[in-house]
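The following questions and answers go through one chain, from its overall fold to single residues.

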Amino acid sequence: MSKVEDFLSKEEEQDIVKAILDAEKNTSGEIRVHIEAHTRLEPIERAKEVFQMLKMGNTKAENGVLIYLAVNDRKFAIYGGRGIDKVVPDDFWDSTRDAIQAQFKKNDFKQGIIDGILKAGKELRTHFPWQQGDINELSDEVSKG
């Protein structure tokens with residue numbers, strides 16, 4: 001079995017999905033988590049590819065956030081659509097990365113991902129509050145490659 005299947009238990013995956021649902025509750029923004037074994041690219045470049053592959057750029061307000069992990073490489077990246085990238089503070093991506101990394105250093109991968117999700121959700125709520133008629137445009141499930 002590859003590290004992708006071993007990386008999170010079913011219960012941990014469900015906790016992550018719950019965190020995504022909670023984070024998206026008061027925003028039109030979309031958050032996804034994608035896990036794969038390896039990337040030949042720099043993690044941020046692969047995150048951009050996966051972002052497009054998952055059609056995250058097709059959201060109405062271009063306000064999707066992807067947390068990408070290459071587990072065998074022990075690397076990750078956070079990537080956001082143009083809509084959110086235009087409005088977040090300059091240090092948002094670095095501070096979100098640092099919040100995730102702090103938990104990863106303790107080998108608490110689930111909590112690191114959840115911390116990143118909740119931080120992104122808070123920022124999305126600030127800039128893209130939920131409005132009547134907003135729909136969940138993307139799956140909340142953890143995708144794997």
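Accessible areas here come from the Shrake-Rupley method with a 1.4 Å probe. The model is predicted.

Q: What share of the accessible surface of the chain belongs to carbon and sulfur atoms?
A: The accessible surface of the chain comes to about 7,900 Å². Of this area, the part that belongs to carbon and sulfur atoms is 47%.

Q: In what order do the helices and strands of the chain run from the N terminus?
A: The chain has six helices and four strands. Written from the N terminus on, the elements run α-α-β-α-β-β-α-α-α-β.

Q: Why does the chain count as being as compact as a globular protein of its length?
A: For 145 residues the globule rule gives 15 Å. The C-alpha atoms fill a box of roughly 45 × 30 × 25 Å along the principal axes.

Q: What percentage of the contacts between residues at least 6 apart in sequence join residues at least 24 apart?
A: Of the 145 residues of the chain, 46% count as buried, with the limit set at under 20% relative accessible area. Among the contacts between residues at least 6 apart in sequence, the share joining residues at least 24 apart is 71%.

Q: How far apart are the mean positions of the positive and negative charges?
A: The chain carries 22 positive and 27 negative charges. The distance between their mean positions is 1 Å.

Q: Which strands stand at the edges of the sheet?
A: The four strands form an open sheet with mixed pairing, in the order E3-E2-E1-E4. Each edge strand has a single partner strand, so one side of it is left without a neighbour in the sheet. The edge strands are E3 and E4 (143–144).

Q: Which residue in the hairpin of E2 and E3 takes a positive phi?
A: Strand E2 (residues 64–70) and strand E3 (residues 75–80) pair in the antiparallel sense over six bridges. Across this pairing, Val65 stands opposite Gly80, and Leu69 stands opposite Phe76. Four residues lie between the two strands, and the one with a positive phi, near 55°, is Arg74.

Q: Is Lys55 buried or exposed?
A: Lys55 lies in the loop between helix H3 (43–53) and E2. Its phi is positive, about 60°, although Lys55 is not a glycine. Most residues other than glycine have a negative phi. The relative accessibility of Lys55 is 52%, and the cut-off is over 50%, so Lys55 counts as exposed.

Q: What is the relative accessibility of Glu62?
A: Glu62 is also placed in the loop between H3 and E2. Phi of Glu62 is positive, near 50°, and the residue is not a glycine. Glu62 counts as partly exposed, because its relative accessibility is 25%.

Q: What distance separates the C-alpha atoms of Asp98 and Asp115?
A: Asp98 sits in helix H5 (residues 92–104). Asp98 is partly exposed, with a relative accessible area of 40%. Asp98 and Asp115 are 17 residues apart along the chain, and their C-alpha atoms are separated by 9.9 Å.

Terms used
Residues numbered from 1 in each chain as written. Predicted model: local features only at pLDDT ≥ 70, side-chain atom pairs only at ≥ 80, totals over all residues. Heavy atoms only, no water. Rg over C-alpha atoms; globule rule 2.2 N^0.38 Å. Buried < 20%, exposed > 50% of the residue type's maximum accessible area, 1.4 Å probe, protein only. Contact = heavy atoms within 4.5 Å. Lys, Arg positive; Asp, Glu negative; His and termini not counted. Charge placed at Lys NZ, Arg CZ, Asp CG, Glu CD. Pairing = 2+ DSSP bridges.
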